[in-house]
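Hello,

Here is the structure I said I would pass on. Please open it first, then read my notes below.

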Amino acid sequence: MEKLKENQIYTGTVEGYSSEGLGIIKLDGAVVFVPHAIRGEEIELKITKVMKTSAAGKIVKIRKESPERMKPECPYYGQCGGCDFQHLSYTEELWAKRQRVQDALTRLGGTDIMVEEILGAKNPLHYRNKSQYPVGADGSVGFYKVRSHQVVDVKRCQIQTEESDATARAVAEWMRRYRVAPYDEHTGKGLVRHVYVRTNRKGETLCCVLVNGKGLPREAELVGYVRKAAPKTVGVVLGVNTSRSNVILGESYRTIWGEDYLMDTLCGLQFKLSVPSFYQVNRDQAEVLYNKALEFAGLTGTETVLDLYCGTGTITLCVAKQAGRVIGAEIVPPAIRDARENAERNGIANAEFFCGDAADIAAKLESEGLRPDVIVVDPPRKGLAPEVIASVCEMKPQRVVYVSCDPATLGRDVKIFARLGYTASRAAAVDLFPGTKHVETVCLLSKLNAKQHIEINLDMDELDLTDAEEKATYQEIKDYVLEHSGLKVSSLYIAQVKQKCGIIERENYNKPKSEDAKRPQCPPDKEKAIKEALTHFGMI
């Protein structure tokens, strides 16, 4: 096999797409990733970089062009890193996204289920109800250039709303007029870092300016510029972010004018949204996503449902209309406050909310004997921590509905769920982000039927690699403690004691994002009882 050579020209046919949306061509046993190449096209390409088993290339000439190739309408395409698929027809974009989810579930998840469908958007343009515009050191306001933090000055975006773009331009004009310094991430100097805009169904907007400081000069004038550009603005907020990092949102917020929240309607319910609250950026497609999640949940009106990573309670409250009792958990305090208000505002009395890290909340509820019929998880891109998966499985729900924004971490987690007795039985993709490589998935995980399968009871400790931990499962430790001391202990408390004893080395990558988040600590009497159990099993 001849090794590919950099700067050499080769000819090949595009077979499909990578998870990043790049065209895939196989040459001499190597996979070559080519930007803007479309499935079925025969192209001449130049190799730009050679790795061990793969290479990068770029199109030199298209010998046979795909009928799915489109001329990008956005003048910033290729400079701005916001969109990946403007060179594709929307039909081909949906094919690529469905295949990405299928590959992740098959190759990473080890399942044989087929992705039933991908639900595309009726309108793939100007759909984002939340926009975050970085401000460059030169005062440019727009979006980052591909694979860099250089800001491309964008006046009008194909996927942002007109009100959001107008607000961003107004802030840029105000900065120029009053010589307000933009933030320079290399030096840590300057003020304005990001312009953040939320838009609701009525076209009303909430503007937040993220700054490297406690205040801004000419705040009254800023309000004037924003309100003139977007007359339906309901509030202008200052977000304080003095960290030397690429984190966008602030450490604290102060209202300059108007309200510090925006109201919106989703699935027939009213939601209050503060700046840090999680809310799906595509309202219409979020309704499609949630309806599919409800279909997979199979509710009859009597079930107890646990919703982890509930945000402002959007899924929780949609579920509440079809369940007996729903419990939502989220780590962001303002989001939980909004969720409770949203429940009251919509007259929903069968929903309750807890604030805390998902691993802690799941372990706490599991230790209290909660046995939900259905558990819904909608985690961030990094997916679920092993502790969360273990606690979810220990609660023995009949169904787990996994809403995912990253097929790769979904595939990884589906494989872990399968080892703990929950197999993927249905999956569907939903396109919430037209024009980009991102795609949402709803996956149904069903508990294995004991009459048809041999169940293998694995637990958190069995996912670890140390000899000591192989000697007893979490359930065996719990049973021993209950029998010999009469105390009930949670997986979280056992994990804490094991860490103190030097058994667990794994770090929980679902740590609380806030320093103020309260993590329950194992009481001394329970710690003593757990240590006695660990000694009994020869683990310490």
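**Strand β17 and its surroundings**

Four bridges link β17 to strand β20 (residues 374-377), and the two run parallel. This is a predicted model. At one point of that pairing, L308 sits opposite V377 in β20.

β17 also pairs with strand β18 (residues 325-330). That pairing is parallel too, over five bridges. T304 has R325 in β18 as its bridge partner. Helix α5 (residues 314-320) belongs with these two strands: β17, α5 and β18 make a right-handed β-α-β unit.

Is β17 buried or exposed? Strand β17 covers residues 304-308, and five of its five residues are buried, so the strand is largely enclosed by the rest of the structure. Buried here means under 20% relative accessible area.

Look at the side chains next. In a regular strand they alternate between the two faces of the sheet. In β17, T304, L306 and L308 point one way. V305 and D307 point the other way. All of them are buried.

**The open sheet**

Now move to another part of the model. Five strands form an open sheet, in the order β8-β11-β12-β13-β14, with mixed pairing. β8 (130-134) and β14 (252-258) stand at the edges. Each has a single partner strand, so one side of each is left without a neighbour in the sheet. Neighbouring strands of this sheet are turned by 20 degrees against each other on average, direction ignored.

β8 pairs with strand β11 (residues 192-199) in the antiparallel sense, over five bridges. There, K130 stands opposite R198 in β11.

Best wishes

Key. Residues numbered from 1 in each chain as written. Predicted model: local features only at pLDDT ≥ 70, side-chain atom pairs only at ≥ 80, totals over all residues. Heavy atoms only, no water. Pairing = 2+ DSSP bridges. Axes fitted to C-alpha atoms, helices over the stretch in contact; angles between N-to-C directions. Buried < 20%, exposed > 50% of the residue type's maximum accessible area, 1.4 Å probe, protein only. Right-handed = clockwise from strand over helix to strand, strands pointing away.
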